[in-house]
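Work through the exercises below with the model open. Try each task before reading its solution.

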Amino acid sequence: QVQLVESGGGLVQPGGSLRLSCAPSGNIFSIDTMGWYRQAPGKQRELVAGITAGGNRNYADSVKGRFTISRDSGKNTVYLQMNSLKPEDTAVYYCNAHYYVDSYSTLEAWGQGTLVSVSS
C-alpha cells in the first residue's frame with residue numbers, strides 16, 4: 001500500500017504564504033491525477049486543487065487566483081503554493097493521488113494530513 005507524505009504546513013499570518021509538498025513513501029511506476037483536499041473543523045473534506053498527468057489544473061472557487069498547484073512528474077511530487085492566505089483557509093490539508101498498478105488500473109492513496117493555520 002502506497003502512502004503519501006506531506007510537508008510544509010504551519011502557522012502563518014493572514015496575507016502570508018506557505019508551500020505544501022507531497023511525495024509517495026515508496027516506489028510508484030507513475031501517477032495519474034494528484035490533488036489537495038482540506039478539512040476544516042466541523043466541515044466536510046473538500047477539493048482544493050487538482051492536476052492531471054497532462055498538466056490540466058482545477059481549483060475550488062475559494063482559492064482561485066491565490067493558490068497554485070504544480071507537479072514534478074519525475075519525482076512523483078505535487079506542490080501547493082498558497083498565497084494571500086486567509087483565516088478561512090485554516091484546515092488540515094490532505095494530499096491525494098491515483099497511481100497506476102498496471103497499464104490500465106489505478107489505486108488511490110492519501111497522505112496523513114498537514115495542518116495549516118492562518119491567524120494573527
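S84 is partly exposed, at a relative accessible area of 41%; partly exposed is the range between buried (under 20%) and exposed (over 50%), with a 1.4 Å probe and protein chains only. This is a predicted model: local features need pLDDT of at least 70, side-chain atom pairs count only at pLDDT 80 or more, and totals for chains, interfaces and linings use all residues. Residues are numbered from 1 along each chain as its sequence is written, and side-chain values use heavy atoms, leaving out hydrogens and water.

**Exercise 1. Find the positive phi values at S84 and N76.**

Solution. Start with S84. Its phi is positive, about 50°, although S84 is not a glycine. S84 sits in the loop between β8 and β9; strands are DSSP runs of E, at least two residues, numbered from the N terminus.
Next, take N76. Its phi is near 50°, again positive in a residue other than glycine. N76 lies in the loop between β7 (67–72) and β8. N76 is buried, with a relative accessible area of 12%.
For background, most residues other than glycine have a negative phi.

**Exercise 2. Is D89 buried or exposed, and what does its side chain meet?**

Step two: check accessibility. D89 counts as buried because its relative accessibility is 1%.
Step three: list the contacts (heavy atoms within 4.5 Å). Leaving aside neighbours within four places in sequence, D89 touches R38, R66, F67, S84, V116 and V118.
Step four: look at R38. A polar contact of 3.0 Å joins the side chains of D89 and R38. A polar contact is a pair of N or O atoms within 3.5 Å; within protein, one must be able to donate a hydrogen and the other to accept it, and residues adjacent in sequence count only if both atoms are side-chain atoms. In sequence, D89 and R38 are 51 residues apart; their C-alpha atoms are 8.7 Å apart.

**Exercise 3. Trace the pairing from β4 to β5 and on to β6.**

Solution. Begin with β4 (residues 31–39). It runs antiparallel to β5 (residues 46–51), joined by five bridges; pairing requires at least two DSSP bridges. R38 stands opposite E46 in β5. Six residues separate the two strands of this hairpin, and G42 in the turn has a positive phi of about 75°.
Continue to β6 (residues 57–59). Three bridges pair it with β5 in the antiparallel sense. G50 has N58 in β6 as its bridge partner. This hairpin has five residues between its strands, and G55 in the turn has a positive phi of about 95°.

**Exercise 4. What surrounds the side chain of E6?**

Solution. E6 is found in strand β1 (residues 4–7). E6 is buried yet has no salt bridge; the nearest side chain of opposite charge, R45, is 7.7 Å away. A salt bridge needs a side-chain nitrogen of Lys or Arg within 4 Å of a carboxyl oxygen of Asp or Glu. For charge, Lys and Arg count as positive and Asp and Glu as negative; His and the chain ends are not counted.
Now turn to backbone nitrogens. That of Q112 lies 3.1 Å from a polar atom of the E6 side chain. That of G113 lies 2.7 Å from a polar atom of the E6 side chain.

Notes. Helix = DSSP H or I, 4+ residues; strand = E, 2+ residues; numbered from the N terminus.
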